[in-house]
Amino acid sequence: MIGATAGATIASIAALLVATSSGAAKSDDLVVEKLKDGTTLVYAHVAGRDVAVRFVVRAGGEDDPPGKAGLAHILEHLVFHGTYDAPEGVMFERAWGAGGSLNAFTTDLATVFVLDVPTSSFASLTPSFLAMVTSPALPFAQFDREKGVVGAEAFDRPDIISVE
């Protein structure tokens with residue numbers, strides 16, 4: 001269940017993004033808006049392009065507690081296991097079915113959730129994407145599995161990922 005503040009934020013973001021994607025914004029200029037809850041929304045209109053949504057959480061590997069390196073990255077993975085309303089895989093299926101993609105990455109400073117979809121699917125997919133990111137089920141039964149996945153990624157890219 002989405003809390004009132006998160007729900008209002010999701011509604012505000014979705015409403016603004018839907019309005020701008022429908023042609024309300026005709027400029028190629030960058031628009032930055034700060035919502036009442038502190039969320040920063042950045043919109044750039046690029047004519048003829050699919051819609052790219054990035055939800056940036058200003059917490060990354062640098063914020064991992066001592067002795068828990070990789071925790072932010074594991075949390076990123078757990079978010080993709082669904083919400084209480086939409087089980088694991090539903091958001092991926094919807095994005096791929098629409099010809100889009102869903103991804104994420106964690107850096108030292110941030111965790112970024114990515115949705116790229118055709119303009120025609122934006123209004124129907126964005127609220128589910130935002131719900132996934134802001135109200136994940138976080139199935140900690142999957143923690144060890146995701147720790148292994150992140151560990152395998154660390155093996156492939158030890159310069160950017162570590163797990164303790």
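Reader: Let's start with strands S4 and S5: in which sense do they pair, and over how many bridges?
Author: Keep in mind that this is a predicted model. S4 and S5 are paired in the antiparallel sense, over six bridges. The two are joined by a hairpin of four residues.

Reader: Which residue in S5 stands opposite Leu102?
Author: Leu102 has Leu115 of S5 opposite it.

Reader: And what about S3, how many bridges join S3 to S5?
Author: Seven bridges join S3 to S5, and those strands run antiparallel. One of the residues to look for is Ala52, which stands opposite Asp116 in S5.

Reader: Is S5 largely enclosed or largely in the open?
Author: S5 is largely enclosed by the rest of the structure, because six of its seven residues are buried.

Reader: Can we zoom out? How many helices and strands are there in the chain?
Author: The chain has five helices and five strands. Going along the sequence, the pattern reads α-β-β-β-α-α-β-β-α-α.

Reader: And what percentage of the residues is buried?
Author: Buried residues are 35% of the 164 in the chain. As for contacts with a separation of 6 or more, 64% of them are between residues 24 or more positions apart.

Reader: OK, the inside. In the largest nonpolar core, which residues touch the most other members?
Author: That core has 17 residues, and the ones touching the most other members are Met91, Leu102, Phe113, Leu115, Phe129 and Met132. At least two core residues come from each of strand S3 (51-57), helix H3 (90-97), strand S4 (101-106), strand S5 (111-117) and H4. H4 gives the largest share, six residues.

Reader: Let me pick Phe113. What does Phe113 touch?
Author: Leaving out residues up to four places away in sequence, Phe113 touches a list that includes Val53, Phe55 and Val57, along with Glu76, Val79, Phe129 and Val133.

Reader: I see Glu76 and Val79 there. Are those buried or exposed?
Author: Both are buried, and both are in H2, where Ala72, His73, Ile74, His77 and Leu78 are buried too. Helix H2 covers residues 71-79, and it is largely enclosed by the rest of the structure because seven of its nine residues are buried.

Reader: What's in the hairpin of S1 and S2?
Author: Five residues lie between the strands, and Gly38 takes a positive phi near 95 degrees in that hairpin.

Reader: Which residues form a nonpolar patch on the surface?
Author: Leu30, Val32 and Val42 do, and together they have about 300 Å² of accessible area. Val32 is in strand S1 and counts as exposed because its relative accessibility is 55%, with the cut-off for exposed being over 50%.

Reader: Last one: where does Leu138 lie?
Author: Leu138 is in the loop between helix H4 (119-134) and helix H5 (143-156). Phi of Leu138 is near 50 degrees, a positive value in a residue other than glycine. Leu138 is partly exposed, at a relative accessible area of 22%.

Methods: Residues are numbered from 1 along each chain as its sequence is written. This is a predicted model: local features need pLDDT of at least 70, side-chain atom pairs count only at pLDDT 80 or more; totals for chains, interfaces and linings use all residues. Side-chain values use heavy atoms; hydrogens and water are left out. Buried means under 20% relative accessible area, exposed over 50%, partly exposed in between (1.4 Å probe, protein chains only). A nonpolar core is a set of buried Ala, Val, Leu, Ile, Met, Phe, Trp, Tyr and Cys residues joined through side-chain atoms within 4.5 Å. Contact means heavy atoms within 4.5 Å. Two strands pair if DSSP finds at least two bridges between them. Patches are made of residues with over 30% relative accessible area and no salt bridge: like charges are joined within 9 Å, nonpolar side chains (Val, Leu, Ile, Met, Phe, Trp, Tyr) within 5 Å. Accessible areas come from the Shrake-Rupley method with a 1.4 Å probe; for residues, only the protein chains shown count as cover. A salt bridge is a side-chain nitrogen of Lys or Arg within 4 Å of a carboxyl oxygen of Asp or Glu.
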